[in-house]
Amino acid sequence: TTPQASPAPADELVVKGTGTRYNGEKTEVNLYKNNKGIYEMIDYSKRAADSPYQGPMLQTYDARGHEVASASGPDHWPNGIKTFQSETPELGADFTDSGAIDAHWAAGKVYDYYKNHFDRNSLDGKDGAIYSLVGVVQNGQPYDNAFWDGAKMVYGQGGGDYRTFSADTDVVGHEMTHGVVEHTANLVYAGQSGAMNEALADYFGNAIDLEANNVSMDDPDAGLLGEDLCTTLGPRECALRDLNDGATTSKNFIGATYGGDNGGVHLNSTIFSGALWDMREDLGSDLADKIVYRALSAYMTPLDGFTEGRAAVIAAAQELGATKAQLNTVKRSFDAHGIVPGWEKALGVDTDTILNKVNVAGTGVGAGGGKYAVSNSNEDGSEPYSVWLGNTSGKGQPQLMSANNGDFNVYANTDGRTVVWADYSSTGIKIMARPVKGGPAKVIDGLGSNVSGLVVDGDYVAYTASNPQYGVTNVRYVNMRTGAVGLVDDGRPYNISGLPSIKDGKIAYAKVAPDANGEFKVGVEVFDGATGARTEMPTPDDTEGIGQTAITDDGVFWIEDDDVTDTGQAAVRRADADGSNPVTVTPEAGEGALYAYSLTASDDAVSITSTPPATWWANDTMAKLYQVAPDGKGGPQRMSCNRGEQAFGVADEGRRVLWLDGTTGYTNLVKRDRPAGRC
Ligand code: ASN
Ligand code: ZN
């Protein structure tokens with residue numbers, strides 16, 4: 001836990017030390033000489049003499065070699081770390097190379113900026129102590145990042161191409177501004193409000209960098225964030241972001257779901273910060289900074305989106321007496337970045353929203369029999385997940401199915417009669433089932449670790465779990481009526497099975513198993529719960545990979561990758577449940593080929609998630625849903641023309657599909673009842 005700020009022993013509270021910054025500049029730093037005569041990186045100078053509070057304001061800790069996990073979160077503090085210490089007030093190369101000088105010096109500059117411009121007393125506005133932990137690592141390796149964890153700044157040690165992340169004043173300003181944001185508007189760190197949180201951290205981070213280092217707004221690199229972090233790359237190549245990148249909502253808004261950068265908080269921040277930075281260029285730094293700070297501290301609220309953010313800045317400008325011309329400049333800055341009321345409408349979303357802001361990562365959506373089941377969290381995704389059930393039509397109110405027990409309730413699925421999910425707690429994983437019509441939730445199985453991929457139909461539930469006996473994963477099934485449990489592939493040594501689907505007591509799954517010659521073969525199999533029989537589906541002997549399966553009254557479907565030399569395309573194939581009548585639903589190459597990544601099917605349609613190869617985030621290369629007839633006739637059509645990420649598609653009945661959609665910057669559960677066609 002956070003150490004208490006101890007009242008200072010009557011030694012020398014403020015001693016001027018000297019050191020050298022990463023950029024070679026000699027600088028003064030405030031040190032504290034303790035009663036053993038040691039100089040510590042503690043700065044007592046910042047607090048006003050008449051402050052009712054006591055103790056050190058700024059403390060910079062030597063966290064070199066400590067794991068980032070031990071340092072992140074207000075309740076985590078690495079074991080036994082101490083402030084940086086020296087026997088003399090002249091701090092040598094070690095203090096430079098560790099990033100200690102820059103961290104300590106810059107923290108003082110950030111404090112001064114907020115105090116001098118806005119009379120703000122520290123990050124919390126209440127003279128709260130400021131802790132900087134410098135030099136953490138990740139799994140013993142360089143950690144190329146920095147963050148505000150709700151109570152302190154933590155800087156990664158860097159290494160190779162990167163310096164320790166305190167090396168750039170804008171990064172220090174950015175992280176400390178997260179602290180200011182938390183104690184003012186408290187913008188929720190997800191989706192659009194999260195991108196604004198990031199934008200404000202970048203805006204003030206850069207403003208502070210320019211002031212502290214005497215750089216003018218006219219400098220072509222003034223809008224770069226993190227440009228000084230690199231050991232070899234120049235500023236432009238090194239920078240993490242550029243507030244002058246000209247990003248707009250219409251061209252550049254990345255519709256990632258919560259699983260991607262909390263819904264694009266960094267990916268979309270320069271749209272908002274770019275508008276603020278334009279304003280700063282046109283109004284001058286003094287007025288612009290006052291307006292932005294006033295907007296942040298008096299007008300913005302936690303769930304604001306870009307449009308509310310614009311309104312907050314305009315309101316602050318008005319309150320501060322901006323002229324009509326200045327107000328027009330403010331509006332023009334937002335206009336130029338596409339931040340205008342109703343901008344999301346122009347995205348042309350063609351889906352029905354079933355649930356708003358489903359802030360969960362990695363735990364999909366289930367559907368069947370007209371019902372959906374999905375995990376949900378709170379506004380910033382920080383709360384344990386609970387399972388909700390609702391109608392896929394969108395009518396009526398969703399119901400809470402899992403206990404509010406502090407566990408992570410995940411991988412929910414339903415056939416319209418029963419809801420199943422996995423309850424992850426600190427003591428283990430339970431497989432839960434609860435009737436849709438009412439009645440308590442029951443534990444139906446309790447074995448396994450790494451549980452995922454739950455499916456349910458009628459009496460049967462199947463899921464993937466680690467099999468401790470052979471250290472592999474297998475599909476396990478439960479017959480809820482008889483209580484029978486087992487592994488679909490019988491748990492034979494070295495058999496691996498996964499990606500299950502289920503219909504009328506038949507479970508389809510992908511498997512890897514040695515053949516008679518001991519050679520490993522991948523394939524698809526169907527296990528019949530009633531007879532115990534296993535039927536192989538017709539896949540080529542030399543297939544390279546099998547993906548998700550689906551089973552319906554119509555047959556068995558699977559993803560099949562026969563060529564690993566292409567750019568990642570994969571075919572979708574089907575056969576009757578007895579393995580006969582194989583059909584290529586979508587091919588691996590040529591017209592209609594998809595980057596098939598996942599699959600879901602009803603009796604009327606097969607819906608395929610396609611994920612083209614990508615080296616960076618772009619709407620075009622994020623997951624998209626396609627739908628095709630079970631026999632492949634007519635070829636695949638786009639399910640929806642929404643331009644953002646379409647993740648965790650799940651078929652209900654008919655042609656209806658639900659999925660998590662990130663297009664608007666919020667992770668919404670959406671549906672369509674038929675494909676959109678061509679986009
Ligand atoms: N440096 C990042 C930031 O402060 C760390 C993070 O992703 N939270 O935004
Ligand atoms: Zn940030």
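## Ligand 1 and the zinc site

Biologist: Hello! Which residues surround ligand 1 in this model?

Modeller: This is a predicted model, where local features need pLDDT of at least 70, side-chain atom pairs count only at pLDDT 80 or more, and totals for chains, interfaces and linings use all residues. Residues are numbered from 1 along each chain as its sequence is written, chains are lettered from A and ligands numbered from 1 in written order, and side-chain values use heavy atoms, leaving out hydrogens and water. Counting a residue as near when one of its heavy atoms lies within 4 Å, ligand 1 is surrounded by Asn145, Ala146, His174, Glu175, His178, Tyr189, Glu198 and His266.

Biologist: Which element gives the largest share of that shell?

Modeller: Helices here are DSSP runs (H or I, at least four residues), numbered from the N terminus. Three residues of the shell come from one of them, spanning residues 169-182: helix 4.

Biologist: How far is the polar side-chain atom of His174 from an oxygen atom of ligand 1?

Modeller: A polar contact here is a pair of N or O atoms within 3.5 Å. For His178 the distance to a ligand oxygen is 3.4 Å, and for His174 it is 3.3 Å.

Biologist: Which protein atoms are donors of the zinc ion (ligand 2)?

Modeller: Donors are N, O and S atoms within 2.8 Å of the metal (3.2 Å for Na, K and Ca); water is not among the atoms, so sites may look incomplete. Lying 2.0 to 2.1 Å from the zinc ion, they are His174 (NE2), His178 (NE2) and Glu198 (OE).

Biologist: How many residues apart in sequence are the parts tied together by His174 and Glu198?

Modeller: His174 lies in helix 4 and Glu198 in helix 5 (residues 191-212), so the pair joins parts whose separation in residues is 24.

Key:
Polar contact = N/O pair within 3.5 Å; in protein donor to acceptor, adjacent residues only side chain to side chain. Helix = DSSP H or I, 4+ residues; strand = E, 2+ residues; numbered from the N terminus.
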